[in-house]
Amino acid sequence: MKVYVASSWRNEVYPEVVEVLRQAGHEVYDFRHQGSSGWNPAEMTSSKLFSFLDHPRVQSIFQRDMEALVASDAVVCVLPCGRSAHLELGYGIGAGKRTVLLWHDGDAPDIMHKAVDAIVFEVSEIPGALEGGQ
């Protein structure tokens, strides 16, 4: 199964999720290791970002991520994360892909979390949730 993992650049659990999914035999898109773009989102301020969205490097990153998202069979969202990951998860839900949310203690529940196929609490539970178990 092709899996798109949506999360934050700063999420410390993200690498473990990618590794567990690969060990389970899934093809995983890893946005952190798709080649250097020369753009670091952690260095962007809002005013710079909005003027930077049309920059060729940003367009390239967006295109690469969207191609992987569209080609995926499933989307795993790893909390805590930001707006981009939630947009990616929402795309997955709307496109009818299998969706899994890895819950992070300390995050406030949201009624829209009801839209995902499965909510799990441990990284080790993700492969089973992708197959339809929970």
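Author: Let us begin with pairing: two strands pair if DSSP finds at least two bridges between them. Helices (H or I, at least four residues) and strands (E, at least two) are DSSP runs, numbered from the N terminus. Here, E4 and strand E5 (residues 118-120) run parallel and are joined by three bridges. Within this pairing, Leu102 has Val120 of E5 as its bridge partner.

Reader: What kind of model is this, and how are residues and side chains treated?

Author: This is a predicted model, in which local features need pLDDT of at least 70 and side-chain atom pairs count only at pLDDT 80 or more, while totals for chains, interfaces and linings use all residues. Residues are numbered from 1 along each chain as its sequence is written, and side-chain values use heavy atoms, with hydrogens and water left out.

Reader: How many helices and strands does the protein chain have, and which pattern does it follow along the sequence?

Author: The protein chain has five helices and five strands. Along the sequence they are arranged as β-α-β-α-α-β-α-β-β-α.

Reader: How is the handedness of a crossover read?

Author: A crossover is right-handed if, with the strands pointing away from the viewer, the path from the first strand over the helix to the second runs clockwise. In this model, E3, H4 and E4 form a right-handed β-α-β unit. E3 and E4 run parallel, joined by five bridges, and Ala74 is paired with Arg98 of E4.

Reader: Why is E4 described as largely enclosed by the rest of the structure?

Author: The term rests on relative accessible area: buried means under 20%, exposed over 50%, and partly exposed in between (1.4 Å probe, protein chains only). Four of the five residues of E4 are buried, so the strand is largely enclosed by the rest of the structure. Across the protein chain of 134 residues, 37% are buried.

Reader: How does one judge the span of a helix, and what does H4 show?

Author: The expected span is 1.5 Å times one less than the number of residues. H4 (residues 83-94) has 12 residues and reaches 16 Å from its first C-alpha to its last, close to the 16 Å expected. H3, with 16 residues, reaches 22 Å, close to the expected 22 Å.

Reader: Which residues of H4 are buried, and which exposed residues lie on the face turned away from them?

Author: Ala85, Glu88, Leu89 and Gly92 are the buried residues of H4. They cover an arc of only 100° around the axis, which puts them on the same side of H4; the arc is that of the directions from the helix axis to the C-beta atoms. The face turned away from this buried side carries the exposed residues Arg83, Ser84, Leu87 and Gly94. Just after H4, Gly96 has a positive phi of about 75°.

Reader: What covers the buried residues of H4?

Author: Cover is judged by contact, meaning heavy atoms within 4.5 Å. The cover of H4 includes strand E1 (2-6), helix H3 (56-71), strand E3 (74-78) and strand E4 (98-102).

Reader: Which residues of H1 are buried, and what covers them?

Author: In helix H1 (residues 14-23), Tyr14, Val17, Val18 and Leu21 are buried. Seen down the axis of H1, they fall within an arc of 100°, so they line one face of the helix. Their cover includes E1, strand E2 (27-29), E3, E4 and helix H5 (126-130). H1 is followed by Gly25, whose phi is positive, near 95°.
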